[in-house]
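Dear colleague,

Please find the structure we discussed below. My notes on it follow, and I would be grateful if you read them alongside the model.

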Amino acid sequence: MTMLERIRKPTEIKHWLGHMETGGYHYTAGLAGERFFTALRDEGRILGARCERCGIVYVPPRIYCERCFTELNEFVDVGLRGRVRSFTIARIDKDGNRLERPEIRALISFGEDTTALLHLLGEVEPEEVHIGMEVEAQLKPREEREGRITDIRYFKPVG
Amino acid sequence: MRWDREPEIEMKMRGREVAIIGVGYTNFNSVTPDLSWKELTFEAAVRAFEDAGIDPRRDVDSFITCAEDYWEGFAIFDEFTPDQLGGALRPMVTVAGDGLQGLATAYMQISSGLFDIVVVEAHSKISDLLTYEDVVLLAFDPVYEAPLGGHPYYVAGLEMREYLEWTGTTEEECAAVVAKNKGNALRNPLAPFGARVSTDEVMSSPYLFDPLKELEIAPLADGAIVFVLAEGELARRLSDKPVFLEGIGWWSESPWIGSRFPDAEYARRAAQAAYQQAGIKDPLGELDLVEVDDRFAYKELQHLEALGLARPGEAGQLLLEGALGRDGELPVNLSGGSLGMGDLVEAGGLARALEIILQLRGEAQGRQVDEPEVGLAQSWRGVPHGTGAVAIFRRC
Amino acid sequence: MITEPRGRKLSKEEFAQVPHVTAQPRARYAWSAGPAMSRFLEELKRGKIIARRCNRCGRVLVPPRMFCERCFRPTDEWVYLPGTGVVETFSVSYIDTNANRIEEPILVGVIALDGACEHCGLMHYFGEVSPERIHIGMPVEPVWKPESEREGAITDIKYFRPRREEDRQ
Amino acid sequence: MARLREVAVIGAGMTVFASRLMETGKELAWEAAKQALDEAGLSLEDVDAVVLGTAPDAFDGIHKKGENLLDGAGGANRPYMRVYTGGGTAVMAPIAGWWHVASGLFDIVLVVCEEKMSSARPHAQSVFAHIWDPILDRPLKPNLVWIFAMEMQRYMHVYNVKKEDIALVSVKNKRNAVDHPCAQLADPKITVEDVLNSEPMALPVRRLDISPPSDGASALVLASLDVARELVPDRIVTIDGVGWCIDTTMWTNRDLAFPKFLARAAQQAYRMAGIKDPAKEIHVAEPYDPFNYKELQHMEGLLLCEPGEAAKLTREGVTQRDGRLPVCPSGGLLGVGNPIAATLGIKVGEIYWQLARKAGKRQVKNDPVTGVAQAWGDLMQFSSVIVLRRR
């Protein structure tokens, strides 16, 4: 025993409630994010940024290549269609409650040399989803888009 | 698939030798309501100093805590680190990382010649945190990833699916990890989550993030671990059972979930560096036992493959053949791993290392393997990141 | 040498308009108080301030703890303090916790408690004293909330006030 | 102390310091890191390991923000480590960079510090509410400035230091900052009266006694001495001493007048650098100056003068750029801004530029050979110290 006295009765045990919250946070999307979200909101396009040197297209785009640090100026339209790189069926929510409708979460790849975008799948049953499935982004109508990742409602299978 | 251009990075020359001369730890449990994190850490620290036979106020040059603010609920947790460890009015730093990154820091402080004796502490008081899932989600990119919501562990489900697809590993093989580790934990008095469960029982536990099942997820636990490290010559003088830290590597991949592949590159590269320092050429032949991160059951298999102890897709087969059990060729997670001891957040790496130290000293009681000489401990920083570390220990 | 540093500064209006996400993350805790703080809070509820003594260095520690950080050993016994003390330092604050301006200043500081080791005490408010009158070294005493309102918290003490009548406002 | 390898600073970079920068923390980190690598003539592929410094996660509102920032800091696909000592991080991160190289494990290490304080609403102050003990302090709804006010009060009382002399520090630093291209609060015309009459915050602290919260990033490139001799033979600046120290958590148990923990950290660094009489052997200093009185208190803690004597030196002009011991020639936190950890660029970065004779308009007049940088943090309990020398 390292202390000379310890609590003996459960009724003497105390805890103190508190938090580490503020009045919220305002996360700016940054220089690359400004391009990405403006294009998504105003033009309904998904942008990536290409590093010629490393042959990688970053989706979402960055202003630098994380592998060689080159400044990236070439923003490319990767299209709304991609393929499912991986997926999972989430059956509980953040607080551990069972979801009535499970969420299908996926990594979507827009080509051999792109990084993958994290998002949801919709209009598809869990058992129908497979790796490599072609999917397309379903955007909110123009007037509802706010320049957020949720301007894409989900991706749904093509055809 | 992996982008092939690898940076040419290798660990350079070795400095002074470094050894562990003392370990101290508390019990581990899902809750520890009667103690604050201060008292929990104090307990582990007192035991470590007793084990090392040193006085922290007189003998220790430097102290290191491994912690993250949001786990603790303090905007600058570093303020609250020194007293319970003996570090008041001493050099002390927080490493915002896992316990093995703390060991790496101690290693460098000693190896550089700056200090002779350094203490590393990591603890989990995760039961203090009421909104664990929210806080994990707060580690996601705030603009692209977090707004998609959900339980953050879905990322493990995504990775597991891709890992199975890439390597041909089966769900049964992953489930067998749980049966093995919870079984191992029954022989470890420090492991609160020991249980006799069969692979079939794990297979029939509900999917939470398909193909990841409920029983394949390590439960959270509280506890504290303290290591005392010393320069090699001094260690030999101070201790009759020093365990040498022969290699330590750490590595980070991109923090973007969609930029990584399911091959635990962080573990492969960290191991490469550690093997090189320790002069290990044939890990499978030279290591007597290993402890790897298994916070999700598939991670054990993925990590073993990244460590070069099995070819991609073959770790599961080795497990089913019994090669990774107590009497197998390479015992893995004899402590019970995180599935058996609990997910100790930043203390997880030290928990893995602790088992190696106890085994190399011959102090692992009912689970002791026969005269091991070299062991490896590996850590991963958890969802949603791709950072990990590897440490290699050798008995004197 | 920095010639052209980068960084795009936004005005307050631009800041609100550029693409961004506003979120209110949940980070809630139930910190275990542990033996020292559990007893300390319980004694506050009873209108008492309790400390721990380390018999090696002889210091009486408040806030109390189960170990002495100087000697690195367990502390030995509980010691009640009279509650009185002197102003170790203070501030006259015209801002609240969120940096909002306030008209009536908050008087706050550290009270070095009688019976505790040198410079040892607690942070608290001062009351019944003017900003002009308060000074380092001024003897003070606690003003407790009525027993029925005490809940086992540092705020069971309303504030510290001057011990001498003539210093009070 | 058997030191194996010597370590040099071979490049530095920093962004503008300002509130509400558009860039994400990652982007800020990249801008500073890229600049430091450019100055060293290196690319990311040359970097063996990365050390990151950044203060509370609750500023950015990102858990494990070190992990989040790592791609911007150059840490993707290499060994990456974050050290964290509150405000002391600004000088602790390069100390960690030092041991990465000195241990012999790495030859070239990139040290990046980032802070984005404008994310928290309504104000960065709402984050500081959580640095206090939840049971003893937070129920009193404290403001961070309180603790400085209490410390300043105690400092003035014990050493009989006058507010007028303290105000001179704000004047000097905000004027010095006019020459700094990253500065947020430079003011060529500021007077002592402006400081003394500025808006009361938590007395004795007034508006112009304080450095403002800010966004920004800074970076350094460190290399082993032999690598440095190859890469930048014209400017060999080495890290000759490092020291750091933390005092007890129990801040209401300390005498706040003298920073004993800083004196310990400084003694460690001086011993390592072979400095016996710092007051004579240090030619330029960048003590941490988030508040004006802190510069004075830190000069004393750094043993550059006797306790209580820094005010006199300031009054006599000794600490001006053309004085015998220039202090905060960068403009300091008071003049350039205070993005906590990112102040690396105006502490260690500035001393490096001064010793390398690359400080431009800020270059001090005494052609310094040895300089000291210091940072301070946590609940008034931690300091980190680096001694740099030109070879």
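How many bridges join E3(B) to strand E3 of chain D, and do these strands run parallel or antiparallel? Before the answer, please note that this is a predicted model.

Strand E3(B) and strand E3 (residues 80-84) of chain D run antiparallel and are joined by two bridges. Within this pairing, B:Thr94 has D:Tyr84 of E3(D) as its bridge partner.

B:Glu346 counts as buried because it has 29 C-beta neighbours inside 10 Å, where 20 or more are required. Leaving aside residues up to four places away in sequence, B:Glu346 touches B:Cys66, B:Ala67, B:Glu68, B:Trp71, B:Gly97, B:Asp98, B:Gly99, B:Ala122 and B:Ser124. As for B:Arg260, 86 residues from B:Glu346 along the chain, the C-alpha atoms of the two are separated by 22 Å.

In chain D, helix H7 (residues 163-176) packs against helix H12 (residues 292-301) at an angle of about 100°, and the axes are 7 Å apart. H7(D) is therefore roughly perpendicular to H12(D). H7(D) contributes D:Ile166, D:Ala167, D:Val169 and D:Ser170 to the contact, while H12(D) contributes D:Asn292, D:Tyr293, D:Glu295 and D:Leu296. Of the residues in this contact, five are nonpolar, two polar and one charged.

Finally, chain C contains an open sheet of three strands in the order E4-E3-E7, with antiparallel pairing. Strand E4 (60-61) and strand E7 (77-81) of chain C are at the edges with a single partner strand each, so one side of each has no neighbour in the sheet. Strand E3 (residues 49-53) of chain C pairs with E7(C) over five bridges, in the antiparallel sense. One of the residues involved is C:Arg53, whose bridge partner in E7(C) is C:Glu77.

With kind regards

Definitions and conventions:
Residues are numbered from 1 along each chain as its sequence is written. Chains are lettered from A and ligands numbered from 1 in the order in which they are written. This is a predicted model: local features need pLDDT of at least 70, side-chain atom pairs count only at pLDDT 80 or more; totals for chains, interfaces and linings use all residues. Axes are lines fitted to C-alpha atoms, for helices over the stretch in contact, and angles run from 0 to 180 degrees between N-to-C directions. Helices (H or I, at least four residues) and strands (E, at least two) are DSSP runs, numbered from the N terminus. Angles under 35 degrees count as roughly parallel, over 145 as roughly antiparallel, 65 to 115 as roughly perpendicular and the rest as oblique. Two residues are in contact if their C-beta atoms, placed from the backbone, lie within 7 Å. Ala, Val, Leu, Ile, Met, Phe, Trp, Tyr, Cys and Pro count as nonpolar, Asp, Glu, Lys and Arg as charged, and the others, Gly among them, as polar. A residue is buried if 20 or more other C-beta atoms lie within 10 Å of its own, exposed if 12 or fewer, and partly exposed in between; C-beta atoms are placed from the backbone. Two strands pair if DSSP finds at least two bridges between them.
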